[in-house]
Amino acid sequence: MDLEKEILAKKGLIDSLAGIATNPRPESQVIFAKMKLLWQCNLSCIYCDKPAPTPPMPRRVVKEMLNGLTILGLKKIHFSGGEVFTHPEIYGILEDACNLGLQVNLTTNGTLLDKDGISKISDMGVHCVSLSLDSADHSIHDRLRGVKGAFKATVKAISRLARRERPKLRINTVLTRENSRTLDALHGLLTGI
C-alpha cells in the first residue's frame, strides 16, 4: 500500500491531518492501524519486560474493531503482540481481516510459524510478515531471545517464507552491543537464504 497515495486520494484529508493537533476530529479517516492482540510470548528476550499475562483479545472483539475501523476508511492493519502465534484464534483473526479486503501485516518471532502455518497465511492473503532475527550467530540470538533453539526455528521460518512470493518478508533486528558487531554476518546469512 502506498500510504502517501491513499492520503492524497482522500479529498480534504491533508487539511484535516494538518490541524489534528489543535482540532482532533472523531470523523477523521483511519487508513492504517496497529493492533496488539496479546502480551504473552513463548520467548524470554533479555531486553523485553513482559507485563503480567492477560487474556488475549478475543476474535469477536477484534472483528468488531476491524469492522468499525473499516467504516472509518481502514485499508491496512498490522497485528503484533507478545507473540501473535500464541493467540488461540490467530488464524481466524487473520482470515477475518483478509476477508474485509485489508492489507494484513504481522510481526512474529517466527519460532511457532511452521510449514502449515505459512501455507495458511499465504492462502488467506496475508500481505507481509516481519520476523525477528537478532544475529547470524545462533548462540547470540538464542541468548538475546532467552530460549535455546529460537535461532534454528526462526531461520527455518525465514527460509520457508523467502521461497514464497506472498506474504512479503521483512526482518526486524533489535540492536545491542553484543550483536552490533555481527550485522555484516547477519546480512550475509539473509542474502544467502
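Notes on a predicted model

Biologist: Ser80, buried or exposed?
Modeller: Ser80 counts as buried, at 7% relative accessibility. Buried means under 20% relative accessible area, exposed over 50%, and partly exposed in between, with a 1.4 Å probe and protein chains only.

Biologist: What sort of model is this?
Modeller: This is a predicted model, in which local features need pLDDT of at least 70 and side-chain atom pairs count only at pLDDT 80 or more, while totals for chains, interfaces and linings use all residues. Residues are numbered from 1 along each chain as its sequence is written, and side-chain values use heavy atoms, leaving out hydrogens and water.

Biologist: Back to Ser80. Where does it sit, and what does Ser80 touch?
Modeller: Ser80 is in strand S2, residues 76-80. Leaving aside residues up to four places away in sequence, Ser80 touches Lys34, Met35, Lys36, Leu37, Leu38 and Thr107. Contact here means heavy atoms within 4.5 Å.

Biologist: How many helices and strands in the protein chain?
Modeller: The protein chain has nine helices and five strands. These are DSSP runs numbered from the N terminus: helices are H or I with at least four residues, strands are E with at least two. Along the sequence the pattern reads α-α-β-α-β-α-β-α-β-α-α-β-α-α.

Biologist: And how many salt bridges?
Modeller: Searching the whole structure gives three salt bridges, each being a side-chain nitrogen of Lys or Arg within 4 Å of a carboxyl oxygen of Asp or Glu.

Biologist: Which residue does Asp96 pair with?
Modeller: Asp96 forms a salt bridge with Arg59, at 2.8 Å from N to O. Asp96 is in helix H4 (residues 90-99) and Arg59 in helix H3 (residues 59-71), so the pair ties together parts 37 residues apart in sequence. Asp96 is buried, at 8% relative accessibility, and Arg59 is partly exposed, at 29%.

Biologist: What about Arg145?
Modeller: Arg145 forms a salt bridge with Asp134, and their closest N and O atoms are 2.8 Å apart. Arg145 is in helix H6 (residues 138-145), and Asp134 is in the loop between strand S4 (128-132) and H6, eleven residues away. Arg145 is buried, at 7% relative accessible area, and Asp134 is buried too, at 0% relative accessibility.

Biologist: Which residue forms a salt bridge with Glu178?
Modeller: That is Arg143, with the closest N and O atoms 2.4 Å apart. Glu178 lies in helix H8 (residues 177-180) and Arg143 in helix H6, so this pair ties together parts 35 residues apart in sequence. Glu178 is partly exposed, with a relative accessible area of 25%, and Arg143 is partly exposed at 46%.

Biologist: At what angle do H6 and H7 cross?
Modeller: The axes of H6 and helix H7 (residues 150-162) cross at roughly 105° and come within 8 Å. Axes are lines fitted to C-alpha atoms, for helices over the stretch in contact, and angles run from 0 to 180 degrees between N-to-C directions. H6 and H7 are therefore roughly perpendicular to each other. Angles under 35 degrees count as roughly parallel, over 145 as roughly antiparallel, 65 to 115 as roughly perpendicular and the rest as oblique.

Biologist: Which residues make the contact?
Modeller: His138, His141, Asp142 and Arg145 from H6, and Ala150, Phe151 and Thr154 from H7.

Biologist: Last one, how much of the protein chain is buried?
Modeller: Buried residues make up 40% of its 193 residues. The C-alpha atoms fill a box of roughly 50 × 35 × 35 Å along the principal axes.
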